[in-house]
Amino acid sequence: MDLILFTQLVAMPLAILAVMYGALNLGVKLRRKHHRDDADTEGLGVVDGAVFGLMGLLLAFAFSGAATRFDERRMLVVKEANTIGTAWLRIDLLPEADQVQVREKFREYVDSRMETYLKMSNEETVRSELARSYVIQAEIWKLAVASAKDSTNAAPEMLLLPALNEMFDVVNERSGHLMMHPPAAVYVLLVVVLILCGVLAGYRMGTSDRWSKLHRLSFVVILAITYYVIVDLEYPRLGVMRVDNYDRLIVQTRNSMDL
């Protein structure tokens, strides 16, 4: 298993869980050490409310943004499959003598696109395949433009070239969306707030000598899972929630090229 994937699937949620549980126990110890009387904490509810409210706000915005970007990435896979299929069909508008070479380059191009996303965990391979895709794009464009100019029919220039242009643009859109994440400072802030909330929650629980293990575990587990889901949605090629299933659309499009 890839090291990054292992870290995301196992190490990260466990680390958050351990840190949150430690923060909760720290809050309990601080309360028992300094204040055992509820009167000593009068007015602190305002601070607790503000910090927990900030935590809820950060989690809501982070989750909403991650879910939105996840859906956008899935839709871009659909869009690329559609644009490839459309451009492939419009090759029929070229003179028959030119179609064979263009179609061969098309198959090579789609193979490169599939290879890029099949090996997403290997950054070097992704860069290599992406560069290869751009080279093949240029070759397809030159062949199509030359054929369109030689053709007495205006259809290739009016219909095929715009379709090719749209197909090529989707590559940049998908590449851009893969790099589109919140700044690292947002995640650092979220972790800090989660830890602080753990300390404050433990501080409130510290008045009792027998505080519920169920509530302790529920508190830290649900926050750790929420944080993990947010990160998992942000990196849909590495975690549990993935967009790989949508890649089958491009595979189906590629298979149709051999019929």
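Biologist: What should I know before reading the values?

Modeller: The model is predicted, so local features need pLDDT of at least 70 and side-chain atom pairs count only at pLDDT 80 or more, while totals for chains, interfaces and linings use all residues. Residues are numbered from 1 along each chain as its sequence is written, and side-chain values use heavy atoms, with hydrogens and water left out.

Biologist: How many cavities of 30 Å³ or more are there?

Modeller: On a 1 Å grid over the protein atoms alone, a cavity is a set of points where a 1.4 Å probe fits but cannot get out. Points are joined across faces, edges and corners, and the volume is the space filled by probe spheres set on them. Here the count is one, and the largest cavity holds about 70 Å³.

Biologist: Which residues line the largest cavity?

Modeller: Lining residues have an atom within 4 Å of a point. Among them here are Arg73, Tyr117, His177 and Pro236. Helices are DSSP runs (H or I, at least four residues), numbered from the N terminus; α2 (44–90) and α5 (155–178) each supply at least two lining residues.

Biologist: What is the space in the largest pocket?

Modeller: A pocket is an open set with protein on both sides within 12 Å along at least five of seven lines. The largest pocket has about 540 Å³. Its lining has 20 residues, with Met120, Glu123, Val126, Leu178 and Met179 nearest the centre.

Biologist: Which element gives the most to that lining?

Modeller: α4 does, with four residues.
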